[in-house]
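Subject: Structure for you to look at

Hello,

Here is the structure I promised to pass on. Please open it first, then read my notes below.

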Amino acid sequence: VFENVVSLDERRLQAQPKQQDFTPKSQSSLELTVMKWVPVDYDQLVRQGSTGQFVTAERLYGFGEFDQMSRFFKVSGDLISALSECDNHIQQGAFLAADDVLMNCRPVIQEMFMLRDISEAVGLVSLRCLHAANVDAITNTPDIASTMMRAITRLRAAPFMKFDIAIELADDIDTAAGTQEVLPGYNELVQLLLDDNVLND
Amino acid sequence: MTDAYIETTTLTDLLLKKDGSEKAAARAINLFSRPIIPQFAWKEFKRGPLAHFIWFHNKLIVTKDFGRALSALQRLSRTPQRYMVSTAIQAAHTGFTSRFANKDLEALQKIHGEKATIGVIVTDAMQLELKRVIFQAWKKRRTLHGGWANKLDCYPDFELVEKTSLINLAPRDCPSNSDCCLRSRLIRDKAKLTAVWRSLSSSPASAKQEWVNRKKVLRDIEKRPHSSIGPKECRRIGDAYFVLTCPPDATIITTNIVDIQPMADAIGIAYQRPVNLSE
């Protein structure tokens, strides 16, 4: 059972090339309520994919193999599994194995960052995961896998979450990583932006 | 130590910087039992440093190119710093290149196209990070060290608004027809007001345009205490606000010693750099 609250806006739907048969009845943004994937009457669910203000999970999955949304579900699922494995290793004290799994998460996180057009929340959380996965020694950051797993799970459940919530998840990841790694070029940019000579009256 | 009176530059270090200054500011503030952040500091913060961050964030959205946004920043600066611009671009590109192995990028580019090029990755990452810092910083005005103190009656406090991905910080100032609430506060102690504006004349930097403007506003308030002053005059009061409203036993925490020192010395107000306190 897949259950969640999601908000989609019209532009995102129009950006999906494989979804030409989907025409929202309302031209304003779509507020999606509850999605349930009930495998009992599958055909009927597919037929009822669009009911104006309602988009089923089947519709989201049905965008096609190369669609961003279906990729996101696949990649985030893979990442959650890998992070769960990493966390198990940490719990058992197998730090080398845990570190190895975390290092191997990097390509998956990179892939997820490529899906940042889905929402800024996806972009921000995957960006912070990318930095957090750079930890030198996982023994110093024992909560890293479980924290990232929790964040990705929440993101997977609500990819269009409010940016404020994404900020909280990003903060949790940074805290678990033990250090808030600065984005390359950030300090140089700040120096320029805070320079007294930038015009401002 | 008892009260810390936090000035805009320290607030900026605390909320926007990530080069160690933010830790020095936090350590310094924690030495005091009661940190006070006047709403005036938040007002200056929003109109100055935060506005610059928002402008750059919006420029990234519009240009979709970190390098082009930096070039625009350089052109708006009174003293273009070409070296610093190229350093920023270089640092960002080097940093992100090290996070994506070449063959990984090539594979990602086959699937995701331009989105997987370093230039676009840097631009998008910087935009996301700036948006995070901007919203996080402004949100803290209600909670950081108990929220703002010394509320400004004429200043409209609003949340930041997003319109078509661009952040809007309006209103920047108090309404143009408002009578600044600082006038009545500053006139309460006329002797202090006089000492402060006089200190601005006797210092070697007295010819500085910022000081000339400040002195004029302070003098006008002293001479014509019942005449109203507007948002422009309020802005020009600037650092004098912190000196004139600082509680007697508090210390102003500032990195802007040059501007604070002569005024604070004139009326016996203590001031410190965060870095000096945290060492």
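A polar contact is a pair of N or O atoms within 3.5 Å; within protein, one atom must be able to donate a hydrogen and the other to accept it. With that rule, 12 residue pairs are in polar contact across the interface of chain A and chain B, both residues being at pLDDT 80 or more. Keep in mind that this is a predicted model.

**The interface**

Which elements of chain A give two or more residues to the side that touches chain B? They are α4 (68-91), α5 (95-113), α6 (120-132), α8 (163-177) and α9 (186-193) of chain A. The most comes from α9(A), with eight residues. Sorted by class, this side of chain A holds 20 nonpolar, 11 polar and 16 charged residues.

In total, 47 residues of chain A and 54 residues of chain B take part in the contact. The size of an interface is often given as the accessible area lost when the parts come together. Here, chain A and chain B bury about 4600 Å² between them. Carbon and sulfur atoms make up 61% of that area.

Arg128(A) forms a salt bridge with Glu129(B). Their closest N and O atoms are 3.3 Å apart.

**Confidence**

For the complex, the predictor gives an ipTM of 0.91 and a pTM of 0.83. Chain B has an average pLDDT of 90. In that chain, 98% of the residues score at least 70.

**Chain A**

Chain A has nine helices and two strands. From the N terminus on, their order is β-α-β-α-α-α-α-α-α-α-α. The chain has 201 residues, and 52% of them count as buried. Now take the contacts in chain A with a separation of 6 or more. Residues 24 or more positions apart account for 66% of these.

**A helix in chain B**

Next, find helix α13 of chain B, residues 257-267. Which of its residues are buried? They are Ile257(B), Asp259(B), Ile260(B), Pro262(B), Met263(B), Ala264(B) and Ile267(B). An α-helix has 3.6 residues a turn, so residues three or four places apart point the same way. The cover over the buried residues of α13(B) includes α9 (190-202), α10 (209-223), α12 (239-245), β5 (250-253) and β6 (270-272) of chain B. Just after α13(B) comes Gly268(B), with a positive phi of about 70 degrees.

Best wishes

Key
Residues numbered from 1 in each chain as written. Chains lettered and ligands numbered in written order. Predicted model: local features only at pLDDT ≥ 70, side-chain atom pairs only at ≥ 80, totals over all residues. Heavy atoms only, no water. pLDDT = per-residue confidence, 0-100. Contact = heavy atoms within 4.5 Å. Buried area = accessible area lost by both parts, 1.4 Å probe. Salt bridge = Lys/Arg side-chain N within 4 Å of Asp/Glu carboxyl O. Polar contact = N/O pair within 3.5 Å; in protein donor to acceptor, adjacent residues only side chain to side chain. Helix = DSSP H or I, 4+ residues; strand = E, 2+ residues; numbered from the N terminus. Nonpolar A, V, L, I, M, F, W, Y, C, P; charged D, E, K, R; others polar. Buried < 20%, exposed > 50% of the residue type's maximum accessible area, 1.4 Å probe, protein only.
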